[in-house]
Each structure stands twice: as C-alpha cells, then as structure tokens.
Amino acid sequence: MTGGAGFIGSHLVDRLVEHGDAVIVLDDFSTGRRGNIRRHADSGTVRIVEGTILDDALVETLVGDCDRVFHLAAAVGVAHIIANPLGSIQVNSRGTENILAACARHGRKVLISSSSEVYGRGGRVPMHEDDDRILGSTVIQRWSYATAKALDEHLLLAHAAHGLRGVIVRYFNIYGARMDPEGYGSVMATFVRQALAGDPVTVYGDGLQSRCFTYIDDCIDGTVLAMETQPAEGQVFNIGDATTEMTIDDLARKVIEASSSSSTIVHESYEQHFGAGFEDTRRRVPSAARAAERLGWTAHVGLDEGLRLTLESWEQVGAV
C-alpha cells in the first residue's frame with residue numbers, strides 16, 4: 001500500500017490487518033505518521049518502507065512482493081498544491097504512472113484513490129462519475145491537482161484496456177480520527193483543531209459554499225468493497241455521503257457547538273490566504289447510486305455521530 005501511514009491509509013491498514021492480511025506500506029512521511037501504524041509494525045503484521053513512489057526501482061520491487069496494491073499516496077491539500085505545484089504534479093502523475101506500470105508488469109490488481117476535485121467547478125448536482133469536468137484556467141495552480149488526479153484515472157483506465165485489473169474511488173471530504181491537526185487537506189480537521197484550542201474558526205469567502213462529509217469508517221468500507229468486487233474492475237466510484245451536505249459556515253457552527261468551544265467564526269478572503277486569482281467550487285455533492293448498485297455500499301455514519309466520534313478520538317490522544 002502506498003501512503004499507508006496517512007489518515008485514510010492507516011485506517012485501511014487497520015482493516016486489512018483485521019482481515020488477516022500481511023501489509024507492506026510505502027510512505028515518504030511527508031504527511032503520514034509512523035505512530036498511525038506503529039503498533040502493526042511492532043507486531044510484525046506490517047512492514048514499513050520509507051521511500052517515494054517516484055523511485056521506480058523501489059516501486060517495482062515492492063509491487064512484485066504483493067498480490068494487490070492500494071495506491072493512496074499523493075500530494076494533497078490546496079495550500080500544498082499552490083506552494084509547490086511542480087512537486088505535487090510530479091508525485092500525483094509520475095508516481096501513479098510508476099505504480100500502474102509496475103502493477104501491469106506483475107499482473108497485480110490495483111485500486112487508486114482519486115478525489116472529488118476531479119469534478120472541478122462542478123456542473124450538475126449531484127455529481128455522477130461520468131459527468132463532464134469543468135476546470136478553470138491552467139494559470140490558476142489550484143486546478144493542477146484536479147488535472148493530475150484525472151490523469152491518474154485516465155492512466156488506470158488506459159491500462160485496464162490492456163488487461164490491468166484496477167478500480168478507482170473518488171473520495172468526498174473524508175474525516176475522522178487521525179486527521180492531520182494542521183488540516184493540510186481538510187476543512188473539518190482545521191475547524192476541529194481551532195475549536196478545541198478555543199481559537200477563532202476561520203472560514204474562507206462568504207461561507208455559503210457547501211460540501212458533503214464522509215466518515216472514515218464508511219470510506220474504508222467503500223474502498224475495500226471496490227477492491228474486492230470483481231465486476232467493479234475498470235470502473236470509477238464516488239465514495240461520498242450526499243446526505244451530509246452543509247455550508248462551510250454551518251459546519252463551523254456545528255463544530256463549535258459539538259465541542260462546547262468558546263471559539264468565534266471569522267471570515268477571511270480567499271486572496272488573503274491563497275493569493276490573488278484563487279478559485280473555489282461553490283457546491284460539491286456526490287451521487288452514490290453507482291456505489292450502492294454495483295458495490296452494495298452506502299454511508300451509515302451521519303455527520304452528528306461522526307463528529308462526536310472524531311472529537312472523542314482527538315481529545316483522547318491530545319491531538320490539539
């Protein structure tokens with residue numbers, strides 16, 4: 001597994017170990033944490049390899065040692081993408097190319113994690129896997145992540161046409177225990193950190209942009225089902241809970257209330273934080289009909305319950 005020490009990856013490692021699998025994790029620890037999977041490494045059920053997916057020789061060796069590959073490694077987070085667009089594009093495109101080429105040579109089934117970002121500005125709502133993509137100008141670096149993840153999908157589907165067994169999952173705002181407190185790619189993580197610390201909760205823009213939030217356990221259920229469902233091969237699946245759609249302003253209020261925080265909400269312009277010319281998506285809502293029909297997947301953890309579990313986990317480990 002690539003990216004197995006990260007937020008989503010470490011939960012997937014937990015699930016695979018529970019199922020009795022021996023797991024190899026390749027991670028460069030740029031955002032992942034050894035502590036997320038240390039107990040498995042100590043028990044001998046997980047082998048940790050520190051390295052990058054840009055190292056094609058290393059990828060080749062490790063893929064050869066596996067029977068299937070979950071590819072979750074990526075440069076994520078709008079701030080990171082804008083700060084280092086070249087490095088992010090290289091990891092998110094060339095790295096995936098290395099993974100897929102090795103899987104094709106060794107005949108390994110592969111799942112790649114994509115993102116709701118591929119929809120760009122969005123068109124119709126809810127968003128279906130086969131909908132058109134609407135992106136801004138290439139001079140706006142914010143869209144390079146969406147472009148790179150879409151290229152990942154094109155690469156897998158092109159390999160699949162030549163016999164590679166693979167599947168794609170598009171995640172929609174996953175949250176839960178082990179989110180990075182700095183919120184490198186998660187508005188939920190940022191809000192929880194700020195609220196638990198009693199700091200102002202920062203909302204960009206007018207706060208009326210809306211998103212849907214998917215609890216980590218539901219995300220892992222969908223990911224495992226996508227890998228294990230043979231008829232799903234060569235297809236793309238949204239993994240997102242449309243029932244949780246909420247404006248960012250309302251999410252900030254909900255987090256403050258759920259955490260009994262004294263925080264107030266402050267608004268900051270996109271330009272103040274991301275620089276001039278930043279563009280955002282007004283509304284992002286998935287259709288999960290394909291996942292329900294072909295994988296038997298539906299989200300079960302509502303936002304109130306998921307937020308409660310998230311807050312409990314952060315307070316237990318002193319994440320802030």
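Q: Before we start, what does "partly exposed" mean here?
A: Partly exposed sits between buried, which is under 20% relative accessible area, and exposed, which is over 50%. Keep in mind that this is a predicted model.

Q: OK, so where does Arg-165 fall, and what's its relative accessible area?
A: Arg-165 is partly exposed, because its relative accessible area is 40%.

Q: Which residue does Arg-165 pair with in a salt bridge?
A: Glu-233, with the closest N and O atoms 3.0 Å apart. Arg-165 is in the loop between H6 and strand S5, while Glu-233 is in the loop between helix H8 and strand S10, 68 residues apart.

Q: And Glu-233, what's its relative accessible area?
A: 22%, so Glu-233 is partly exposed.

Q: How many salt bridges does the structure hold?
A: It holds 25. One of them joins Arg-290 and Glu-129, with the closest N and O atoms 3.9 Å apart.

Q: Where do Arg-290 and Glu-129 lie?
A: Arg-290 is in helix H11 and Glu-129 is in the loop between strand S4 and helix H6, so the pair ties together parts 161 residues apart in sequence.

Q: Buried or exposed, those two?
A: Arg-290 is buried at 14% relative accessible area, and Glu-129 is buried too, at 7%.

Q: Switching topic: how many residues are in helix H5, and what reach does it have?
A: H5 covers residues 85-106, which is 22 residues, and reaches 31 Å from its first C-alpha to its last. That's close to the 32 Å expected.

Q: What follows H5?
A: Gly-107, with a positive phi near 70°.

Technical notes
Residues are numbered from 1 along each chain as its sequence is written. This is a predicted model: local features need pLDDT of at least 70, side-chain atom pairs count only at pLDDT 80 or more; totals for chains, interfaces and linings use all residues. Side-chain values use heavy atoms; hydrogens and water are left out. Helices (H or I, at least four residues) and strands (E, at least two) are DSSP runs, numbered from the N terminus. The expected span of a helix is 1.5 Å times one less than its number of residues. A salt bridge is a side-chain nitrogen of Lys or Arg within 4 Å of a carboxyl oxygen of Asp or Glu. Buried means under 20% relative accessible area, exposed over 50%, partly exposed in between (1.4 Å probe, protein chains only).
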